[in-house]
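I opened this entry to record what I looked up in the structure, strand by strand and then helix and loop.

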Amino acid sequence: MNTKPTLAQLGWRLFFQQQLTLEELTDFQIGRVVEQHRSGAIVMSEQGQASLMQSPQSDRLCVGDWVLFDDKLKLHRLLERQSLFERKAPGSKLDTQLIASNVDSLLVVCSLNNDFNLSRIERYLALAKEAEVEPVIVLTKEDQCNDADEKRKQVQDLDPFMMVHAINALDSEHLKELSGYCSLGKTLALVGSSGVGKSTLVNGLMGFEAQLTAGIREDDSKGRHTTTSRALKWLPQGGLLMDTPGMRELQLTDCEKGVNDTFSEITELADQCRFADCQHGSEPGCAIQAALADGSLAERRFVSYQKLLREQAFNGATLAEKRTKDKAFGKMISSIQNESRQRKKGF
């Protein structure tokens, strides 16, 4: 990345400019988070790169965020995000994990080997549509697949207007298909499971070995992830690229709109059911069941839709309950502290 880029090169636009007051323009520096570590965030501004100081009360930051900070590198505030990708934290932890913000295009990487999975792609599409970001499907390892055209068609059938590319990431001619997403000031994020070839794709787009790569296991076509952190990288075409660690688990939360948009043909059918509260089971006049019966709606597609709707609703409700409990606990602690201070004043 340039040592002192312009804000335009970093992806600055009118959406962020309109959030600033005249005082903020005078008193603070503008920067974009280009790396996120447990110890803090690294920001890039027109003055160069710096490590930002955050307090425990500071907003949660993620790579891609725009922030204001003072001359002492202390965070002033986080600017409103134009887009945000988040998921339920992996495992049993009740929290959300911020993945990336202010992204223009989400490149969903899926290999054309045994790891090819339409339902997983639908998960990523729901994530992209919830964030109102353009999803682009990149099917890798085209040279290792005998039925690449058929699999590409299966993906295209998920959304006829979606961009789908089947490529060999080691072929420079194939990579030219993606150059239109890499223009000056544009931010791309790469997501996908471990071993689908994201690091190879990053190296091809960057034009050098920016990421280590690892082979895949022959018995199940799965690989080991080689990306362990999130960071924005400068593309030769002028855009910004974020590679994310391979996700073995992508749990959706509060993503109902994204799910419905991903399965828009199902929601349109639901509107045609005889009863407004139709559960799409054995009710008479169910348009979805009729479509399943005549083959115009695939059973796999409907099962995937129901699963994602239930998952996001359950995770959203669970996290909302946790936030309510945390808020109540915080009030209780604050009340106890206030009582303690009052008693001390009495002595």
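I began with strand β2 (residues 40-45), where six of the six residues are buried, so β2 is largely enclosed by the rest of the structure; buried here means under 20% relative accessible area with a 1.4 Å probe and protein chains only, and strands are DSSP runs of E with at least two residues, helices runs of H or I with at least four, numbered from the N terminus. I noted that this is a predicted model, in which local features need pLDDT of at least 70 and side-chain atom pairs count only at pLDDT 80 or more, while totals for chains, interfaces and linings use all residues. Residues are numbered from 1 along each chain as its sequence is written, and side-chain values use heavy atoms, with hydrogens and water left out.

I then looked up the partners of β2, taking strands as paired if DSSP finds at least two bridges between them. Strand β1 (residues 29-37) pairs with β2 in the antiparallel sense over six bridges, with glutamate 35 opposite isoleucine 42, and β1 and β2 form a hairpin with two residues between them. Strand β3 (residues 48-52) runs antiparallel to β2 and is joined to β2 by five bridges, with methionine 44 opposite glutamine 49.

Lastly I checked serine 193, which lies in the loop between β11 (187-191) and α6 (198-206) and is buried, with a relative accessible area of 10%. I found a polar contact of 3.2 Å between the side chains of serine 193 and arginine 120, a polar contact being a pair of N or O atoms within 3.5 Å where, within protein, one must be able to donate a hydrogen and the other to accept it, and residues adjacent in sequence count only if both atoms are side-chain atoms.

Methods. Buried means under 20% relative accessible area, exposed over 50%, partly exposed in between (1.4 Å probe, protein chains only).
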